[in-house]
Amino acid sequence: MHRFLLTPRWWGINVFVALAVPVCLFMGTWQLGRFEDRVDSHKEAATGRPAAEAAAPLESLLPVDKKTSGRLASASGEYAEQLLVPERRLDGKSGFYVLTLLRTDSGKAVPVVRGWLPGAADAAKAPAAPTGRVEVTGALQASENSTSKGVYADGGLPAGQLGVIGAASLVNLVPYELYDAWLTVQTPADGLTPVPAQAPSNTGLDLKAFQNLGYTGEWFVFAAFVLFMWFRLYRREVETLRDAEAGLLPQTDGRSAEPAAASASTASASASAATATASGRPAE
């Protein structure tokens, strides 16, 4: 009964199932691994850096990545231009960052967020930066862009204000080279509130993480669906063969020809007898 599995049609079906199921399982496992990686990155970012971790030179931590983001970095130089970063929230309140450019000994400058103040951005409220040579230590952060959380990307800000903290937004405002990073001072002075370091991008349980989890379920469902369809086709084929053997289906082979021929002969003889009787002649 199961010899139909060796027909060309079923060979094609079996090969497809044998290839589709492992592919679906592999893709589901890969998507699950991506989700677990994001969970681990989220846990690592949420744990934060040890308080006693020693600061490292700024250039030794560049470029900023998941491992160096949030690390304490140190740089020496002199403060230069000061800018305000409006509409930044901290502890549920709206305020602004006080950002000062630090011209380091290398000649490049790095933006330093010296702290946060509540209310609308006002240069009169922002304390002036220290003069002379300074040693600055702060948490290292990657440059922001227009899609970063909390940035003001609409433009049209007045002079002395900056919507996005990054080298790309500062390159036309200052005449010197910039590091592609910024620092946030964790122990500010002059009444400023420290700005906590943010977790690096793609380390949170965001929409992408849950998309990976959803794709995991979809691939496993695909694998189960392929097996279900194979079993359904197999069962239907077996039931068709059993019905044919039990005579529940019309015969299409040569065995039905003999009964049909016998019935035709009987019908012809009956017709001849009826004709002879009607004409008074004996039937042949």
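Is D190 buried or exposed? I looked up its relative accessibility first: at 51%, D190 counts as exposed, because the cut-off for exposed is over 50%. I kept in mind that this is a predicted model.

**Entry: overall layout**

I listed the elements next. The protein has four helices and six strands. From the N terminus on, I read them as α-β-β-β-β-β-α-β-α-α. I then checked burial and found that 32% of the 284 residues are buried. The accessible surface comes to about 17,400 Å². Carbon and sulfur atoms hold 59% of that surface. I also looked at contacts between residues at least 6 apart in sequence. Of these, 65% join residues at least 24 apart.

**Entry: confidence**

I looked up the pLDDT. The average is 82, and 80% of the residues score at least 70. Over residues 254-284, the pLDDT is below 50. Beyond near neighbours in sequence, I found five contacts for this stretch in the model.

**Entry: salt bridges**

I searched the whole structure and got four salt bridges.

R9 is partly exposed at 47% relative accessibility. E237 is also partly exposed, at 24%.

Next I noted R88 with E144. Their closest N and O atoms are 2.8 Å apart. R88 belongs to strand β2 (residues 72-90), while E144 is in the loop between β5 (133-142) and α2 (167-170). The pair therefore ties together parts that are 56 residues apart in sequence. I found both R88 and E144 buried.

Then I came back to D190. Its salt-bridge partner is R114, with the closest N and O atoms 3.6 Å apart. D190 is in the loop between β6 (181-184) and α3, and R114 is in strand β4 (residues 109-118). The two are 76 residues apart, so I logged this as a link between distant parts of the chain. R114 is buried, with a relative accessible area of 5%, whereas D190 is exposed.

**Entry: aromatic pairs**

How many aromatic pairs does a search of the whole structure find? I got six.

I opened F4 and Y234. Their rings form a tilted pair, 6.0 Å centre to centre with 35 degrees between the planes. F4 lies in the segment before α1 and Y234 in helix α3, so the pair ties together parts that are 230 residues apart in sequence. F4 counts as buried, at 9% relative accessibility.

I then turned to W10 and W230. This pair is edge-to-face: 6.2 Å centre to centre, 90 degrees between the planes. W10 lies in helix α1 and W230 in helix α3, so parts 220 residues apart in sequence are tied together. W10 is buried at 1% relative accessible area. W230 is partly exposed at 26%. I marked F4, W10, W230 and Y234 as one aromatic cluster.

**Entry: surface patch**

Last, I looked at the surface. L6, W11, V15 and L19 form a nonpolar patch there. Together they have about 440 Å² of accessible area. I picked out L19, which is found in helix α1 (residues 8-47). L19 is exposed, with a relative accessible area of 56%.

Definitions and conventions
Residues numbered from 1 in each chain as written. Predicted model: local features only at pLDDT ≥ 70, side-chain atom pairs only at ≥ 80, totals over all residues. Heavy atoms only, no water. Patch = residues over 30% accessible without salt bridge, like charges linked within 9 Å, V, L, I, M, F, W, Y side chains within 5 Å. Areas by Shrake-Rupley, 256 points an atom, 1.4 Å probe, with all protein chains shown as cover. Salt bridge = Lys/Arg side-chain N within 4 Å of Asp/Glu carboxyl O. Buried < 20%, exposed > 50% of the residue type's maximum accessible area, 1.4 Å probe, protein only. Contact = heavy atoms within 4.5 Å. pLDDT = per-residue confidence, 0-100. Phe/Tyr/Trp six-rings, centres within 6.5 Å; stacked < 30°, edge-to-face > 60°.
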